[in-house]
Amino acid sequence: MPLPVGDRQLVGIVESVRSVLWARKRSPEEVGYLVALAQERFQPDELLAQAVEAERAGFDGICCSDHLEPWWAPDSPTPAACGNAWVWLGAAGQATSKVSLGTAVTGLIHRYNPVVVAQQLVTLEKLYPGRAFLGVGSSEAMNEIPAGLDPWPSPEEQLRRTEESLTIITRLLDGETVDFDGDFFKAKRARLYVKSERRPPVYMSAFYEGAAEVAGRLADGVWTLGDPRQAPAVIAGYRRGAEEAGREPGEIVLQTLASWAPTDEQALESSREWKGTLVDEHYTEPIADPAQIGRDGEELADKTFESQAIVSADPETHVKRIRTIEKLGATAICVMNVSGADPLGMLRTYGESVLPELRSE
C-alpha cells in the first residue's frame with residue numbers, strides 16, 4: 001500500500017537530510033573550484049582573455065556554457081554572443097596550461113548527435129591530456145527549437161532522450177563498438193578511433209530527482225544548483241541512482257551565479273540580465289524567443305535574484321556564500337561569472353581575495 005502524501009513528504013525530507021550528511025562525509029579536504037564562462041554574453045576572444053585570467057587566479061577548472069541563443073533579446077542593451085563551445089574549448093586549451101576544460105553543459109536531446117559529442121570530448125582529451133570533461137543536460141527550448149526540435153517534448157521525454165544519448169556516449173568512452181536502437185537516437189557499429197590514456201569524466205546536470213537518478217546510473221557525477229532548498233533532494237536522487245546501479249558515486253558539483261564590481265550597485269546592475277536563468281519554465285516549456293525570456297526574467301525581484309546569486313563588491317560575502325554551498329556536500333563548486341561590469345576584475349578579485357580565503361581552512 002502506498003504511503004500517504006504527508007508520510008511520503010516526510011520520507012523525502014529525511015532522505016534528503018541523510019544524503020547531505022552522506023555527501024559531507026565524502027567531501028574531499030580540498031574542494032575544487034571551477035569558473036563557468038558565459039558564451040551567451042561575451043565574444044569568443046573576450047572569453048579567451050577570461051580563461052587566461054581564471055587560470056592565473058588559481059581556479060582548478062574552466063567550463064563554458066553551450067548555447068545557440070542568449071537569455072535576452074539580441075537587440076537589447078546587453079550584448080549577445082553564443083559562440084560555439086567546442087571550437088572555443090580547443091582554443092582555450094592552447095591559451096592555458098593546466099586547468100580542466102569542459103562544457104557546462106552540452107544539451108543531449110537534439111542539437112548534438114551523441115556519437116559526435118563523444119568524438120569531440122575524446123579529441124579534447126587527446127590534445128590536452130588529463131584536462132577534459134563533459135557536462136551534459138537536457139538543454140532548453142531556446143537552444144533546441146531553433147535547431148529543429150518541434151514540438152518541444154515534455155520533461156519526461158527530455159529525460160528519456162538525455163538517457164539514450166548519455167548511454168551511447170558513455171559506452172563509446174568505455175571503448176565499446178556501439179549498436180544502439182533507441183526511440184530517439186541510433187548508432188550502428190559506432191566507435192572512437194582517437195585513443196586517450198584517460199577516460200574523460202562525464203557529469204550530468206540535474207534539477208530534480210528523476211534526472212539525478214539517471215546521473216547516478218550513468219554519469220561520473222551530478223551537477224546542480226547550490227540552492228539549499230533544491231540540492232538535498234537532487235543529491236538524494238543521485239545517491240539512490242548510483243546505489244541501485246551498484247556504482248560508486250562520483251562528483252557532486254554545485255553551481256552558483258556570481259557578480260563582482262567595485263560597488264554593490266554595479267554588481268547588481270551588470271548581472272540583472274541573468275534573471276531569466278532562474279525562471280523554471282524556461283527549462284520545461286516551449287519558450288524559445290530570447291526577448292520573451294528576457295521579459296520573464298525582468299519580473300523576478302532583485303531580492304529574489306540576490307538570494308539565489310552572489311552579488312556583491314565585498315569578497316568576504318562571496319567567501320561566506322560559497323562556504324554555505326560547500327556545506328551541502330560539494331566536491332566541487334562552480335562559479336558562473338556574470339559580472340558584466342568587470343568580468344576580468346571579478347576573476348582577479350577571486351584570485352587575490354576569495355580563493356585564498358576558501359583554501360585557508
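# Burial and salt bridges in a predicted model

Q: In this predicted model, why is glutamate 209 called partly exposed?
A: Glutamate 209 has 32% relative accessibility, and because buried means under 20% and exposed over 50%, with partly exposed in between, this residue counts as partly exposed.

Q: What makes glutamate 209 and arginine 240 a salt bridge?
A: The closest N and O atoms of glutamate 209 and arginine 240 are 2.7 Å apart, and since a side-chain nitrogen of Arg has to be within 4 Å of a carboxyl oxygen of Glu, the pair is a salt bridge. This pair links distant parts of the chain, with glutamate 209 in helix H7 (residues 209-218) and arginine 240 in helix H8 (residues 231-244), 31 residues apart.

Q: Why is arginine 240 called buried?
A: Arginine 240 has a relative accessible area of 18%, and the cut-off for buried is under 20%, so arginine 240 is buried.

Q: What makes arginine 272 and glutamate 269 a salt bridge, and is each of the two buried, partly exposed or exposed?
A: The side chains of arginine 272 and glutamate 269 meet at 2.3 Å, N to O, where the limit is 4 Å. Arginine 272, with a relative accessible area of 29%, is partly exposed, whereas glutamate 269, at 52% relative accessibility, counts as exposed because the threshold is over 50%. Elsewhere, salt bridges that share partners join Glu15, Glu209, Glu213 and Arg240 into one network.

Q: How do you know that glutamate 273 and arginine 41 form a salt bridge?
A: Their closest N and O atoms are 3.2 Å apart, and the limit is 4 Å. The pair links distant parts of the chain, since glutamate 273 is in the loop between helix H9 (264-269) and helix H10 (281-284) and arginine 41 is in the loop between strand E1 (32-37) and H2, 232 residues apart.

Q: Why are glutamate 273 and arginine 41 called buried?
A: Glutamate 273 has a relative accessible area of 15% and arginine 41 has 12% relative accessibility, so with the cut-off at under 20% each counts as buried. A search of the whole structure finds 23 salt bridges.

Q: Why is asparagine 337 called buried, and what is its side chain in polar contact with?
A: Asparagine 337, in strand E12 (residues 332-337), has a relative accessible area of 0%, and because buried means under 20%, asparagine 337 is buried. A polar atom of its side chain lies 3.2 Å from the backbone nitrogen of serine 339, and a polar atom of its side chain lies 3.1 Å from the backbone oxygen of proline 343, where the limit for a polar contact is 3.5 Å. Leaving aside neighbours within four places in sequence, asparagine 337 is in contact with residues including Val35, Phe42, Gln50, Ala258 and Leu347.

Q: Why is glutamate 53 called buried?
A: Glutamate 53, in helix H2 (residues 44-57), has a relative accessible area of 11%, and so falls under the 20% limit for buried. Leaving aside neighbours within four places in sequence, glutamate 53 is in contact with Leu344, Leu347 and Arg348.

Q: What makes the radius of gyration of the chain agree with a compact globule?
A: For 361 residues a compact globule would have a radius of gyration near 21 Å, and because the chain has 20 Å, the two agree. Buried residues make up 54% of the 361 residues.

Methods
Residues are numbered from 1 along each chain as its sequence is written. This is a predicted model: local features need pLDDT of at least 70, side-chain atom pairs count only at pLDDT 80 or more; totals for chains, interfaces and linings use all residues. Side-chain values use heavy atoms; hydrogens and water are left out. Helices (H or I, at least four residues) and strands (E, at least two) are DSSP runs, numbered from the N terminus. Buried means under 20% relative accessible area, exposed over 50%, partly exposed in between (1.4 Å probe, protein chains only). A polar contact is a pair of N or O atoms within 3.5 Å; within protein, one must be able to donate a hydrogen and the other to accept it, and residues adjacent in sequence count only if both atoms are side-chain atoms. Contact means heavy atoms within 4.5 Å. The radius of gyration is taken over C-alpha atoms; the globule rule is 2.2 Å times the number of residues to the power 0.38.
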